[in-house]
Amino acid sequence: MKRKMPQYEYINLDSGWSETCDEYGRWTYRKDLFPSGLRALSDHLAKNHQKLGLYMLPGIRAEALDKTIKNTNIVIGDLVKQKKQGNLFKGATFMPDEHNAHVQAYYDSIADLFAEWKVGYVKIDGCGPNNDEPDVDTRACLRMMKNAFSKHRIWIELSWGLDPDYAEDWIELANGARVYIDIESYSSKSMTTSHRVFQRMAYAAKWCDKPIAGRNFFIDLDVVLVGMTVDGKCVDGLDNDDIRMSYISFWALVSSVFCIGADPRKLPQKYLALLNHPVILDIHSSGIIARPIGSGNAWINRKQVWWKRLPDSRLCVGLFNAHVYPFMLGLSREVRVDFEEIGVEEVEAKDAWTGENLGRYAGSYSIMLRPGQCQLLLLKVLR
């Protein structure tokens, strides 16, 4: 795995890894799937210099209510007598009646168990307030989970569609936060659509003025499904390779959490090359979120231009023809960046994907792009 994806750090298990709790009410693994246990899995991943990631929810599971917190005589059910909704998945967990020392001890015990398994990443789903359900607020639970997991230096990822009005809280509580709903289309035939890729732009734009820089926090546009292959057939649902390159380019521009959703062993080489492109990964790993020129809503503004300044003072500019519909592609369009919008007058331009030197430009740069196509530029400022 590490040979296929050398710069990828975590291998994450989604919700199906756990169906019940242990004798202390802590999330535990399915023995039918992991007969040797999760510590053995982590030890195997460590040989490839990778870490295990797990999925969980805020709140307390119903299966835990008759258990006692480890090293105490506290019955977990006594913490949730009011049976309040614990997260955005109704009925999945209960919110503690009070967020007190007993609740902290419960979350500490989960974090200690995960640390015994050498878990390096935890995705906490069903968090709120989110874009669609502002009344479910999990922040008190998340503060306790942050206290517990951070002691073990476990990366914390929050999901889904976190409300940017509470960005300061999400930045304090986690390393990353999903900014919109799942990118999967939940079709029986394919994983996503071109439309759902460009849909993310409007939600990323809401975060570009938030105080993210230098705080080890990244927005999360959801999984990158490029090239997902099953039984030798690409099932990612994307119309063509133009869309696939735009998908990866935009995630890199905004330094989104970059998580692939396919088995790397089955990805065709051309898609592995896109996902491992060293220049694109460098743009991504800058940790700087790009901002749009004009509206970042791809349905209002089909000619999307996003830019950011890299640590080496070069500018990275993405030009996108976002003329994409749910079931079809639109028209080719000329997309232009006026240099006064990015505070420069003249540049030397290079194509980030191909490495081609494009020459010197003064005042502006434009290119004709097919529907769904992008060009990612690296600009050396001359004046």
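Predicted model: local features only at pLDDT ≥ 70, side-chain atom pairs only at ≥ 80, totals over all residues.
Helix α2 (residues 101-116) and helix α3 (residues 139-150) form one of the helix pairs considered here, with axes that come within 8 Å and cross at roughly 45°. The two helices are therefore oblique to each other, and the crossing of α2 and α3 is right-handed. On the α2 side, the contact is made by Val103, Gln104, Tyr107, Asp108, Ile110, Ala111 and Phe114; on the α3 side, the partners are Cys141, Met144, Met145, Asn147, Ala148 and Phe149. By class, ten of these residues are nonpolar, two are polar and one is charged.

A second pair consists of helix α5 (residues 194-205) and helix α6 (residues 241-253), whose axes lie 10 Å apart at an angle of about 20°. This angle makes α5 roughly parallel to α6, as angles under 35 degrees are classed in this way. The crossing of α5 and α6 is left-handed. From α5, the residues Ser194, Val197, Phe198, Arg200, Met201 and Ala204 take part in the contact, and they meet Ile243, Ser246, Tyr247, Phe250 and Trp251 of α6. The contact of α5 with α6 comprises eight nonpolar residues, two polar residues and one charged residue.

Helix α5 is mostly covered, with ten of its twelve residues buried. The buried set includes the hydrophobic side chains of Val197, Phe198 and Met201, together with His195, Arg196, Gln199 and Arg200. Ser194, Ala202 and Ala204 are also buried. Besides α6, the buried residues of α5 pack against three strands, namely β11 (218-220), β15 (303-309) and β16 (315-321).

The cysteines were examined for disulfide bonds, and the count comes to zero. For cysteine 21, the closest cysteine sulfur is that of cysteine 141, at 14 Å, which is too far for a bond, because a disulfide requires the two sulfur atoms to be within 2.5 Å. Cysteine 127 is likewise in no disulfide, and its nearest cysteine sulfur, also that of cysteine 141, is 9.5 Å away. Cysteine 141 itself belongs to the α3 side of the contact with α2. Cysteine 21 is buried, with a relative accessible area of 10%, and cysteine 127 also counts as buried, at 0% relative accessibility.

Key. Residues numbered from 1 in each chain as written. Heavy atoms only, no water. Buried < 20%, exposed > 50% of the residue type's maximum accessible area, 1.4 Å probe, protein only. Axes fitted to C-alpha atoms, helices over the stretch in contact; angles between N-to-C directions. Helix = DSSP H or I, 4+ residues; strand = E, 2+ residues; numbered from the N terminus. Parallel < 35°, antiparallel > 145°, perpendicular 65-115°, else oblique. Left-handed = near helix turned anticlockwise from the far one by under 90°. Contact = heavy atoms within 4.5 Å.
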